[in-house]
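Work through the exercises below with the structure open. Each task is followed by a solution in steps.

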Amino acid sequence: YPVLYMHDGQNIIDPTTSFGGFDWRVDEVVDSLVKKNRIEEIIVVGIYNTKDREPEYSDTKLGRAYVEFVIHILKPLIDSTYRTKPKPEDTGVMGSSSGGLISFLFTWWHPEVFSKAGCVSSGFLVDSSKILRDVKMYAGPKKEVRLYLDVGSVGLEARLKPGYDEMITLLEEKGYTRGKDLEYFYDEGAEHNERAWARRVWRPLVFMFGK
């Protein structure tokens, strides 16, 4: 099966462990999409965050160590334990807020491992917009990845939207095309929380693993 690695794993399937008592309902949404023949059957791996969530989910020494942990320890464990399709075309990553940022970085840094990312309500403006500058300055061959981005409009989401807008522009300038290897969605009225992400998580799932 294809595999989707998700950050903040305690928030994705169980309201009793999720922040605020409401989860992403990823298990229900995946099950529903599979039954409707909208997506492939997939394995979802939820990775709990640590107390060092912010530095581990950004371009820092801890962030790069987290990526290396997933690539060299967690992924081999999953691939050796379950019936996975281990190649990059069958391996995705997804998260929200800082988890959306690190999801982007997973694919940007290691497209040979992760070919698709769901970047939900991503914090592209952190660290003085370093990732936006890095993408703008990138002059190498186009990375063979598929990227989904979204953002809401209320509260923190409104402050994240400029980074979302700029990243879309940069990716399109780099040759990414909406509907092919790029998708994005502006969720008018959505707040920055698990309840909002649960309502639209079907979008990145269909984009990444759709039939």
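## Exercise 1: A residue in a loop

N37 lies in the loop that joins α1 to β2 (43-47). The model used here is a predicted one.

**Task.** Decide whether N37 is buried, partly exposed or exposed, and find how far apart the C-alpha atoms of N37 and S58 are.

**Solution.** 
1. The relative accessible area of N37 is 47%.
2. Buried means under 20% and exposed means over 50%, with partly exposed in between. N37 is therefore partly exposed.
3. Along the chain, N37 and S58 are 21 residues apart, and their C-alpha atoms are separated by 35 Å.

## Exercise 2: Aromatic pairs

**Task.** Classify the ring pair of F104 and W108, then the pair of W108 and Y138.

**Solution.** 
1. A pair of aromatic rings is described by the distance of the centres and the angle of the planes.
2. Rings pair if their centres lie within 6.5 Å. By this rule there are eight aromatic pairs.
3. For F104 and W108 the ring centres are 5.5 Å apart and the planes stand at 20 degrees, so this pair is stacked.
4. F104 and W108 are four residues apart in helix α4 (residues 98-109), so about one helical turn separates them. Both F104 and W108 are buried.
5. W108 also pairs with Y138, at 5.3 Å centre to centre and 70 degrees between the planes, which is edge-to-face.
6. This second pair links distant parts of the chain: W108 is in helix α4 and Y138 is in the loop between α5 and β5 (146-151), 30 residues apart.
7. W108 has a relative accessible area of 6% and is buried, whereas Y138, at 24%, is partly exposed.
8. Elsewhere, ring pairs link Y5, Y57, Y66, F106 and F114 into a cluster.

## Exercise 3: Packing of α4 and α5

**Task.** How are α4 and α5 oriented to each other, and which residues make the contact?

**Solution.** 
1. The axes of α4 and α5 are 12 Å apart, and the helices pack at an angle of about 30 degrees.
2. Angles under 35 degrees count as roughly parallel, so α4 is roughly parallel to α5.
3. The crossing of α4 and α5 is left-handed.
4. From α4 the contact uses L101, F104, L105 and W108; from α5 it uses V126, I131 and V135.
5. These contact residues divide into seven nonpolar, no polar and no charged.

## Exercise 4: Packing of α5 and α6

**Task.** Describe the orientation of α5 and α6 and the make-up of their contact.

**Solution.** 
1. The axes of helix α5 (residues 126-137) and helix α6 (residues 156-173) come within 10 Å and cross at roughly 15 degrees.
2. α5 and α6 are therefore roughly parallel to each other, and their crossing is left-handed.
3. I131, L132, V135 and K136 of α5 meet G163, E166, M167, L170 and L171 of α6.
4. The residues of this contact divide into six nonpolar, one polar and two charged.

Definitions and conventions
Residues are numbered from 1 along each chain as its sequence is written. This is a predicted model: local features need pLDDT of at least 70, side-chain atom pairs count only at pLDDT 80 or more; totals for chains, interfaces and linings use all residues. Side-chain values use heavy atoms; hydrogens and water are left out. Axes are lines fitted to C-alpha atoms, for helices over the stretch in contact, and angles run from 0 to 180 degrees between N-to-C directions. Helices (H or I, at least four residues) and strands (E, at least two) are DSSP runs, numbered from the N terminus. Angles under 35 degrees count as roughly parallel, over 145 as roughly antiparallel, 65 to 115 as roughly perpendicular and the rest as oblique. A crossing is left-handed if the near helix is turned anticlockwise from the far one by less than a right angle, and right-handed if clockwise. Contact means heavy atoms within 4.5 Å. Ala, Val, Leu, Ile, Met, Phe, Trp, Tyr, Cys and Pro count as nonpolar, Asp, Glu, Lys and Arg as charged, and the others, Gly among them, as polar. Rings of Phe, Tyr and Trp (its six-membered ring) pair if their centres lie within 6.5 Å; planes under 30 degrees apart count as stacked, over 60 as edge-to-face and the rest as tilted. Buried means under 20% relative accessible area, exposed over 50%, partly exposed in between (1.4 Å probe, protein chains only).
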